[in-house]
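Biologist: Could you walk me through this structure? I would like to look at a few parts of it in turn.

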Amino acid sequence: MRGDLEWGTIPGLVRSAAERYADVEAVVEGRTRISYGELGTRVERAAAACVANGVAVGDRVAIWAPNTLDWIVSALGAVSAGAVLVPLNTRFKGAEAADVLRRSGARLLFVTGTFLGTSYVASLRRAAGEGPGGPGPLPGLPALEQVVVLSDDAPADFRTWKDFLASGDGVAEAEVRARVSALAPSLPSDIVYTSGTTGRPKGAVITHAQTLRAYEIWTDLAGLRRGDRYLIVNPFFHTFGYKAGVVACLMRGATMIPQPVFNVDTVLANIAAERVSVLPGPPTLHQSLLDHPARDAHDLSALRLVVTGAAVVPLSLVERLRAELGVDTVLTAYGLSEATGIVTMCRRGDDPSVIASTSGRAIPGTEVQVVDAGGRPVAAGVAGEVLVRGFNVMRGYYEDEAATAEVLEDGGWLRTGDVGVLDADGNLRITDRLKDMFIVGGFNAYPAEIEQALGLHPDVADVAVIGVPDPRLGEVGKAYVVRRAGSVLTGDDLIAWARREMANYKVPRAVEFVGELPRNASGKVVKGELRGRASRHSLG
């Protein structure tokens, strides 16, 4: 049965999971281990506190914190009270977080105390400590009525998590359940702000029904099952972490093991200690796992399911995961926030070459087409902009009609801004972002395609390509390369190798070696930083 009909809303799913999987381990966080029954009780208590503090159906409630049990409980509690969840990127600086809080009109914020050496409270206070004034502690955010710190300590004008939860003790369980039962599947469940790598983040409005239907499909295609132990490294503020992670586990009774920061040593330790069976994530996560010098010292034999995407997938990655780690199921997928995080996905049983070289086919209930610059569909094998239509397409960008009109076309098609190619069987291969493409002497060059080819060089651990100005050709490629440990590869060596492997216009004209590539918390390379770096070098 379709998820949106079976559970109705995300709070309905939480209640169902608490009943169906009552004794199954739901969340493991250090020494803390709670069952689905206990998780349901905690979420209801958080929902009661939201109700007690005036959260009404449709109010925006934000959360700015890393992957933790408290994130799961506070977020699901807010949604159970009828709120629209606004997850904030943990890489945001104070001003960026304040901007999203202001534009979303969030009334309540859950925030971590200190994370990665940064006080988020202090950062936010600096960014929003001045302004027109309002009912809450931050004058620059007049709609924000209160801030709850997910910690035992909080400034005098903020609240601790413990104090906030206690404030809901007077709200009857029946009142919370009545609130949940009154929610409609068509109501917004969250506003997911885009990663902002190409400009100001925009908030994609997604409903309960869209989320449940999409991730019922995801869990079915991936083969997630009761008793799976799922290490969630993907950030909860991103659809891949929250929906393909928390929501998917709730559907199938899998155990969530949240990891706040990506660290390959911690990943290896967690997989071994917790007998992790499911590890979705960007290709860089799995590549670093395979290449870790201490990998063989850890028991990774329980790992059976990997789902990857979000970037170019090296052709060798799928084979290495299967051959070296014995992973039964490796799948690739493609999605974006504006399409509920999922557009295409491979199927179990697909040929390894399909999984390695494409992101699979459109999920049930959706359509994908590739069009030229004039909006006309192109033939199989021809590159163009990827469009998607179906139940998964967002309702629009929150309070931004102009931006919505730019991407939602008549007929319900969403313009993704991604360049891709469909094969004769409908499998999609993403080749790049439209904005990343550059033109070399009249030829369209797609960085992702070039990166995939350069990634086959045995001494290249990671690579990103951008277009830089050239007086003769207009633009040419520049590659930023991370060498494998112990490699003495030179730029001239790599360029010479590339000339043997790809068309001349694709060959980078310059190579710069770096210790690591700048990535956002979703695993995507921040090309803007590389362009800025290249621009500064050219001026110098």
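Modeller: We can go through some helices, a sheet and a few individual residues. Please keep in mind that this is a predicted model.

Biologist: Let us begin with helices. At what angle do α3 and α8 pack?

Modeller: Helix α3, residues 36-52, packs against helix α8, residues 173-182, at an angle of about 85°. Their axes are 10 Å apart. An angle of 65 to 115 degrees counts as roughly perpendicular, and α3 and α8 are therefore roughly perpendicular to each other.

Biologist: Which residues meet there?

Modeller: From α3 there are E44, A47, A48 and V51. From α8 there are E173, E175, V176, R177 and R179. By class, the contact of α3 with α8 contains 4 nonpolar, no polar and 5 charged residues.

Biologist: Which residues of α3 are buried?

Modeller: The buried residues of α3 are Y36, L39, G40, V43, A46, A47, A48, A49, C50 and V51. A47, A48 and V51 are also among the residues that meet α8.

Biologist: How far does α3 reach from its first C-alpha to its last?

Modeller: The 17 residues of α3 reach 24 Å, which is close to the 24 Å expected at 1.5 Å a residue. Just after α3, G54 has a positive phi of about 85°.

Biologist: Next, α4 and α10. How far apart are their axes?

Modeller: The axes of α4 and α10 are 13 Å apart, and the two helices pack at an angle of about 80°. They are therefore roughly perpendicular to each other. W71, I72, L76 and V79 of α4 make the contact with Y242, V246 and L250 of α10. By class, this contact of α4 with α10 has 7 nonpolar residues, with no polar and no charged ones.

Biologist: What about α2? How many of its residues are buried?

Modeller: Helix α2, residues 10-20, is mostly covered, with 8 of its 11 residues buried. These are I10, P11, G12, L13, V14, S16, A17 and A18.

Biologist: What do the buried residues of α2 pack against?

Modeller: They pack against several helices, namely α3, α4, α8, α9 and α10, and also against strand β10.

Biologist: You mentioned α9. Is T211 in that helix buried or exposed?

Modeller: T211 lies in α9, which covers residues 208-222. The relative accessibility of T211 is 0%, and buried means under 20%, so T211 counts as buried.

Biologist: Which residues are in contact with T211?

Modeller: Leaving aside neighbours within four places in sequence, T211 is in contact with I10, S189, D190, I206, K243, V247 and T340. One of these, I10, is also a buried residue of α2.

Biologist: And where is T340?

Modeller: T340 is in the loop between β15 and β16. Its phi is near 60°, a positive value in a residue other than glycine. T340 is buried, with a relative accessible area of 1%.

Biologist: What is the phi of R275?

Modeller: The phi of R275 is near 55°, again a positive value in a residue other than glycine. R275 is found in the loop between α11 and α12. At 38% relative accessibility, R275 counts as partly exposed.

Biologist: Let us move on to strands. What is the order of the open sheet of 4 strands?

Modeller: The order is β18-β19-β20-β21, with antiparallel pairing. Strands β18 and β21 stand at the edges, each with a single partner strand, so one side of each is left without a neighbour in the sheet. On average, neighbouring strands of this sheet are turned by 45° against each other, direction ignored.

Biologist: How many bridges pair β18 and β19?

Modeller: There are 6 bridges between β18 and β19. As one example, the bridge partner of T366 is G390 in β19. In the hairpin of β20 and β21, with 5 residues between the strands, G426 has a positive phi near 85°.

Biologist: Finally, which residues of β13 are buried?

Modeller: Both faces of β13 are covered: T255 and I257 are buried on one side, and M256 and P258 on the other. Strand β13 pairs with β12 in the parallel sense over 4 bridges, where R229 stands opposite T255.

Note on methods
Residues are numbered from 1 along each chain as its sequence is written. This is a predicted model: local features need pLDDT of at least 70, side-chain atom pairs count only at pLDDT 80 or more; totals for chains, interfaces and linings use all residues. Side-chain values use heavy atoms; hydrogens and water are left out. Axes are lines fitted to C-alpha atoms, for helices over the stretch in contact, and angles run from 0 to 180 degrees between N-to-C directions. Angles under 35 degrees count as roughly parallel, over 145 as roughly antiparallel, 65 to 115 as roughly perpendicular and the rest as oblique. Contact means heavy atoms within 4.5 Å. Ala, Val, Leu, Ile, Met, Phe, Trp, Tyr, Cys and Pro count as nonpolar, Asp, Glu, Lys and Arg as charged, and the others, Gly among them, as polar. The expected span of a helix is 1.5 Å times one less than its number of residues. Buried means under 20% relative accessible area, exposed over 50%, partly exposed in between (1.4 Å probe, protein chains only). Two strands pair if DSSP finds at least two bridges between them.
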